[in-house]
Amino acid sequence: MNWLWQILDPASISAFFIQFQAEMQQPAFWVALGKIMWINILLSGDNALVIAMACRGLPPRQRFWGMVLGAGVAVFLRIIFTGIVVTLMNLPYLKLVGGLALLVIAAKLLVPEDEDEGDVHAAAHLWAAVQIVAIADIVMSLDNVIAVAAAANGSIPLLVLGLAISVPLIVAGAALIMALLTRLPALVWAGAGLLGWIAGEVMATDPAVQPALHAFFNGPVGTGLDGALKSLGMAPQFANGGHGGEVVLGIIGIIIVLVAGSIWRRRKLQGAERSATA
């Protein structure tokens, strides 16, 4: 419980707001915030569905508060769990594992899901609905936690703000968001590609991978690539500790996700067709 008291400590809260004000001055903060919100919109459709289903049996007046309170508890718990994951990602090989898991999550985003509404029962009263929503959100949110922790890249203020904005947005506009993604499937593919990019960057910055990656690109390969960039009028990116390796792994992540997701999607659709025919 010590970590929880540290979070609630006034000194920690003050340090959080100081860090928040400093990071807000950087353009990268807003780019990463957009990534986190987009990731949550793509990955939280099932969570929004759980909220709607758990509260559908409540009286009209309690239904609104069930959705609001359930989402609030879910946001609070998800911030805590994602903060733990952010901290753990500083350990060797955990970013590598998280990046590989994120590749699978991104590819699965392109696969049609089987709808099964029997897993979540409508609650009879307000606090039962809040409990159902909070527990289901935590159980179902491992993919969100991994993806958001990767996009936050160690920034707790970014993590808190991104989740605090995007999760209520999903709850409030779940039907609109789902309709938009259904009408514009290209947005889902773009989101899957974004997750693939983030997965590649995460693996590239793993403490056990980054030194080897820099050593590789500090050799003839990196020198040759930097020479090619110079001929195109671009600054060197690979040798001498450049971030070109992260870009390369990010591009590889996009390719893996789109190719694997396409194959996975095609096989799922073919299986569904065979089942319908039988």
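Q: Thanks! How many helices and strands does the protein have?
A: The protein has 14 helices and zero strands. Helices (H or I, at least four residues) and strands (E, at least two) are DSSP runs, numbered from the N terminus.

Q: What should I know about the source?
A: It is a predicted model, where local features need pLDDT of at least 70 and side-chain atom pairs count only at pLDDT 80 or more, while totals for chains, interfaces and linings use all residues. Residues are numbered from 1 along each chain as its sequence is written, and side-chain values use heavy atoms, with hydrogens and water left out.

Q: What share of the residues is buried?
A: Of the 278 residues in the protein, 40% are buried. Buried means under 20% relative accessible area, exposed over 50%, partly exposed in between (1.4 Å probe, protein chains only).

Q: OK, helix packing. How do helix 11 and helix 14 cross?
A: The axes of helix 11 (residues 185-204) and helix 14 (residues 244-277) come within 7 Å and cross at roughly 135°. Axes here are lines fitted to C-alpha atoms, for helices over the stretch in contact, with angles from 0 to 180 degrees between N-to-C directions. That angle makes helix 11 oblique to helix 14 (under 35 degrees is roughly parallel, over 145 roughly antiparallel, 65 to 115 roughly perpendicular, the rest oblique).

Q: And which residues meet there?
A: From helix 11, Trp189, Gly193, Gly196 and Trp197 are among them, and helix 14 brings residues including Leu249, Gly250, Gly253 and Ile254. Contact means heavy atoms within 4.5 Å.

Q: Switching topic: how many aromatic pairs are there?
A: The structure holds three aromatic pairs. Rings of Phe, Tyr and Trp (its six-membered ring) pair if their centres lie within 6.5 Å; planes under 30 degrees apart are stacked, over 60 edge-to-face, the rest tilted.

Q: What's the geometry for phenylalanine 29 and tryptophan 30?
A: Those two are edge-to-face, at 5.2 Å centre to centre with 85° between the planes. Phenylalanine 29 is buried at 5% relative accessible area, whereas tryptophan 30 is partly exposed at 43%.

Q: And phenylalanine 217 with phenylalanine 238?
A: That pair is tilted, 5.2 Å centre to centre and 40° between the planes. Phenylalanine 217 sits in helix 12 (residues 210-217) and phenylalanine 238 in the loop between helix 13 (220-231) and helix 14, 21 residues apart.

Q: Are those two buried or exposed?
A: Phenylalanine 217 is buried, at 7%, and phenylalanine 238 is buried as well, at 11%. Together with Phe216, Phe217 and Phe238 form one aromatic cluster.
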